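Here are my notes on this one, as numbered points. Have the model open while you read.

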Amino acid sequence: MSTEAALKNDQACSAGEEFQKLFYESFDKRRKVLVKLYMETATMVWNGKPLQGATKIVEFIENLPTSQHNIDILDCHPIIDAVTNGQTTIMVVVGGKVKFDGHKWYPFSENFVLTSQVGKWKIISNTFRYFE
């Protein structure tokens, strides 16, 4: 692996670690701030239900029961420049367990595509699936 590739990989891992902590803490404790993490044109697929736009996504999340997330796995890597026209972009894959108020713990998987916008990571796309 070249020095540049190793640096990009390290950046993706560091950013992904920080991002997942911020995202799930916000999801579980202060959902209204999640809108700041999404690009306005972001997309989300929640258990097969597509959502478009930061406002619609966060409105959907705010209407979910209170939650707790336990993260068991985290995998992050840069997306190659040829695919993103040179825009710094990373993939973050998360797995763990989630408990919504009144329900049992369920295993879940969530994938994020993040892009750097004016020095901050923003969600372009994310896909969530829990397993019953």
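**Notes on the model**

1. Helix H1 is 27 residues long and reaches 39 Å from first C-alpha to last, close to the 39 Å expected at 1.5 Å a residue. That expected span is 1.5 Å times one less than the number of residues. Helices here are DSSP runs of H or I with at least four residues, strands are runs of E with at least two, and both are numbered from the N terminus.

2. A word on the ground rules: this is a predicted model, where local features need pLDDT of at least 70 and side-chain atom pairs count only at pLDDT 80 or more, while totals for chains, interfaces and linings use all residues. Residues are numbered from 1 along each chain as its sequence is written, and side-chain values use heavy atoms, with hydrogens and water left out.

3. Which residues of H1 are buried? They are Ala12, Ala15, Gly16, Phe19, Gln20, Phe23, Tyr24, Ser26 and Phe27. (Buried is under 20% relative accessible area, exposed is over 50%, and partly exposed is in between, using a 1.4 Å probe and protein chains only.) These H1 residues pack against E1, H2, strand E3 (67–78), E4, E5 and E6.

4. The largest nonpolar core has 31 residues, and Phe23, Phe27, Tyr38, Trp46, Ile61, Phe112 and Ile123 have the most contacts inside it. Two or more residues each come from H1 (3–29), E1 (38–46), H2 (54–62), E4 (89–100), E5 (105–117) and E6 (120–130). H1 gives the largest share, 6 residues. (A nonpolar core is a set of buried Ala, Val, Leu, Ile, Met, Phe, Trp, Tyr and Cys residues joined through side-chain atoms within 4.5 Å.)

5. Have a look at Trp46. Not counting residues up to four places away in sequence, Trp46 touches Phe27, Phe60, Leu64, Phe100 and Phe128; contact means heavy atoms within 4.5 Å.

6. Thr115 sits in strand E5 and is buried, at 2% relative accessible area. Its side chain makes a polar contact of 3.0 Å with that of Gln87. (That term covers N or O atoms within 3.5 Å; within protein, one must be able to donate a hydrogen and the other to accept it, and residues adjacent in sequence count only if both atoms are side-chain atoms.)

7. How many disulfides turn up in the whole structure? The search finds 0, with a disulfide taken as two cysteine sulfur atoms within 2.5 Å. The sulfur of Cys13 has its closest cysteine sulfur in Cys76, 5.5 Å away, so that is too far for a bond. Cys13 is partly exposed at 35%, whereas Cys76 is buried at 8%.
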